[in-house]
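The sequence and the model are shown first, and the description follows.

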Amino acid sequence: MKKHNFLAALLFVLPALLIYCFYFVYPIPASAYYSLFRWNGISPQKLYLGFGNWVKLVQDELFWKSLTNNLILVVASIVIQLPMALALGLLISSQLRGARLFKLLYFIPMMLSAVAIGITWKFIYEPNFGLLNGGLRLFGLDSLARGWLGEPRLALAAVIATICWQFIPFYMVIFAAALAGIPQELLEAAYIDGASPAVSFFRITLPLLRNTIRTAAILSLTGSLKYFGLIYVMTEGGPDHATELLATYMYKQAFTGFRMGYGSTVAVFMFLISFLLTVLVLRLGKREAVYA
Amino acid sequence: MLRSGNPVASRVLIYLLAVIWVVITIYPLIFLVQNSFKTSTEFFMGDVWTLPGRFSLANYQKVWATHFARFLANSLFVVSISLLILLLAGSSAAFGLSRIRFRLSGFFYYLFVGGLTIPVHITLIPVYIITRNLGIYDTLWALVGPFVAFNMPVAVFVLASFMADIPASLEEAGYIDGASRFQVFWNIVLPISRPAVTAVGIYNAVILWNEFIFPLVLINSTWKRPLTLALWNFQGEFSADVPAMMAALLLSMLPLLIFYAVTKERLIEGLVAGAIKG
């Protein structure tokens, strides 16, 4: 007996809709609008530039650098996080004694804020008293000790390692949940037929995880495009923009340089690229699903 | 998954890997604990591996004296108000969208759910300007609107998909008894949806507690800082006092770690459910 009543339904939806439109929907065209101006965000005067900011964006080397770093981060996140998460997921869903304790311990990083993690890892990477160099010295590897976040060549890799530390447990739990859904009889049948654990993993488990892997990849993709807090806290995009991402670049343009117009341009670009990539992945996902 | 009957060697190897990952996960925190009790001189003179000469709480007292309690209260205030509004408005909207058939319901649904993949950065500048124009810049209220709006897509999505599966007979019984739509929502559908509401609540409590970019953009004065922003600013204050900074880090981590210790798997499931749906 669903009652057909537009007005009644609207009353239920309205509070959420108003807040959502005011703070989330309206800002999207507003940003697109601001991207047409040179504006510091405070003065009543905005200078109309047409597509001037967009031309500047295309010619802006730092923008391209941020985009490249961001894409490296996307790929590295997927390629490193997902396999390790799957391995740990297998581990915690095995009948290993203590599996539950391992799971609870592994998940701890997900409880910590990006700010807390960022500062902690700054201390780990610190050249003089940092934990990592301390560990290297302990094993007599003094020659490997260095300022991990200070060297442009290393900083991005160091930051990626921290991101993996934080998010691997998250994907681990997703995989563990999916593994729990695999019918035990399938694996038992394979075992009886004499399949080695490796064979049953690659022939049974992995194909059945296909949808989960796709979901995890999408989450990792959209997440990596939005990274801000951790990187901003650890390096502020430095040294020499080596860890600059779209989000940090956008933030700095808008809120430390007070170039709100140009900042909006970068923001609109971020919006467009995550939209495009998500649609692309969803499409690819759908096509595969048809063949499967 | 792993069959018994595996050779002992592979069992040992698996344990070894499991323990190595525990060390990787936990050691950064032990490193903080161990060094947060040291004096600054002791820290810089000694080795990161050594234990403190004596367990002094001086660093913790120093951090607490920065009005840490105030920052904690700020976070609690903003997170609970936002969460309350989010859960009320979100479940009400989910009810309207999933339990009442009306024109445009599909449109509204996709309007909400479409927000799931959108990066917050596109809204940052307009939200900053709206907040200034409303005259609430640099107040805790500035955070409530964005906190609610940004988590609305996931709340509506999870709640609406849960509510859609509730059998219609339960509602019908209510309508036959003469209950109004609101009564059906409040007395029948909402109580049944408790697992979903809890999951959304847990997920968003963690997300909001750890939120950083909106406080960074919308809060300026020391007194208004939520915990994450305060922690970020401590870096300047304690730049020469690493052990004190470590104490601040641990103190800031404590509330959610306690929350986790109490909720355990329920928190994990809530977080993962929120994210997968989202």
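## The nonpolar core

How many residues does the largest nonpolar core have, and which of them have the most contacts inside it? In this predicted model, the largest nonpolar core has 170 residues, and those with the most contacts inside it are M172(A), V156(B) and L159(B). The element that gives the most to this core is helix α6 (residues 141–164) of chain B, with 17 residues.

V156(B) shows what such a position touches. Leaving out residues up to four places away in sequence, V156(B) touches A16(A) as well as G90(B), A93(B), A94(B), L97(B), F112(B) and V113(B). In general, nonpolar side chains tend to be buried together in soluble globular proteins.

## Chain A in outline

Chain A contains 14 helices and two strands. The C-alpha trace of chain A spans about 75 × 75 × 35 Å along its principal axes. Of the 292 residues in chain A, 41% are buried. When contacts in chain A between residues at least 6 apart in sequence are considered, 67% of them join residues at least 24 apart.

Helix α7 (residues 131–138) of chain A has L131(A), L132(A) and N133(A) as its buried residues. The buried residues of α7(A) pack against α6 of chain A and also against α1 (8–36) of chain B. Just after α7(A) comes G140(A), which takes a positive phi of about 70°.

## The contact between the chains

The contact between chain A and chain B takes 82 residues from chain A and 79 residues from chain B. On the side of chain A that touches chain B, helix α1 (residues 6–25) of chain A gives the most, with 13 residues. By class, this side of chain A has 62 nonpolar, 17 polar and three charged residues.

## Two helix pairs across the contact

Two packed helices are described by the angle between their axes and the distance between the axes. Helix α6 (residues 114–125) of chain A packs with helix α11 (residues 227–237) of chain B at an angle of about 25°, and their axes are 9 Å apart. Angles under 35 degrees count as roughly parallel, and α6(A) and α11(B) are therefore roughly parallel to each other. The crossing of α6(A) and α11(B) is left-handed. V115(A), A116(A) and I119(A) make the contact from α6(A), while T228(B), L231(B), W232(B) and Q235(B) make it from α11(B). By class, the residues of this contact are five nonpolar, two polar and no charged.

A second pair is formed by helix α5 (residues 99–106) of chain A and α1(B), whose axes come within 9 Å and cross at roughly 25°. These helices, α5(A) and α1(B), are therefore also roughly parallel to each other, and their crossing is left-handed. From α5(A), F102(A), L105(A) and Y106(A) meet A18(B), W21(B), V22(B), T25(B) and I26(B) in α1(B). The residues of the contact of α5(A) with α1(B) divide into seven nonpolar, one polar and no charged.

## A loop residue in chain B

Is I136(B) buried or partly exposed? I136(B) lies in the loop between α5 (121–134) and α6 of chain B. A residue is buried if 20 or more other C-beta atoms lie within 10 Å of its own; I136(B) has 16 C-beta neighbours inside 10 Å and therefore counts as partly exposed.

Apart from neighbours within four places in sequence, I136(B) is in contact with T131(B), W141(B) and A142(B). The C-alpha atoms of I136(B) and L218(B) are separated by 9.0 Å, although these residues are 82 residues apart along the chain.

Technical notes
Residues are numbered from 1 along each chain as its sequence is written. Chains are lettered from A and ligands numbered from 1 in the order in which they are written. This is a predicted model: local features need pLDDT of at least 70, side-chain atom pairs count only at pLDDT 80 or more; totals for chains, interfaces and linings use all residues. Helices (H or I, at least four residues) and strands (E, at least two) are DSSP runs, numbered from the N terminus. A residue is buried if 20 or more other C-beta atoms lie within 10 Å of its own, exposed if 12 or fewer, and partly exposed in between; C-beta atoms are placed from the backbone. Two residues are in contact if their C-beta atoms, placed from the backbone, lie within 7 Å. Ala, Val, Leu, Ile, Met, Phe, Trp, Tyr, Cys and Pro count as nonpolar, Asp, Glu, Lys and Arg as charged, and the others, Gly among them, as polar. Axes are lines fitted to C-alpha atoms, for helices over the stretch in contact, and angles run from 0 to 180 degrees between N-to-C directions. Angles under 35 degrees count as roughly parallel, over 145 as roughly antiparallel, 65 to 115 as roughly perpendicular and the rest as oblique. A crossing is left-handed if the near helix is turned anticlockwise from the far one by less than a right angle, and right-handed if clockwise. A nonpolar core is a set of buried Ala, Val, Leu, Ile, Met, Phe, Trp, Tyr and Cys residues joined through C-beta atoms within 7 Å.
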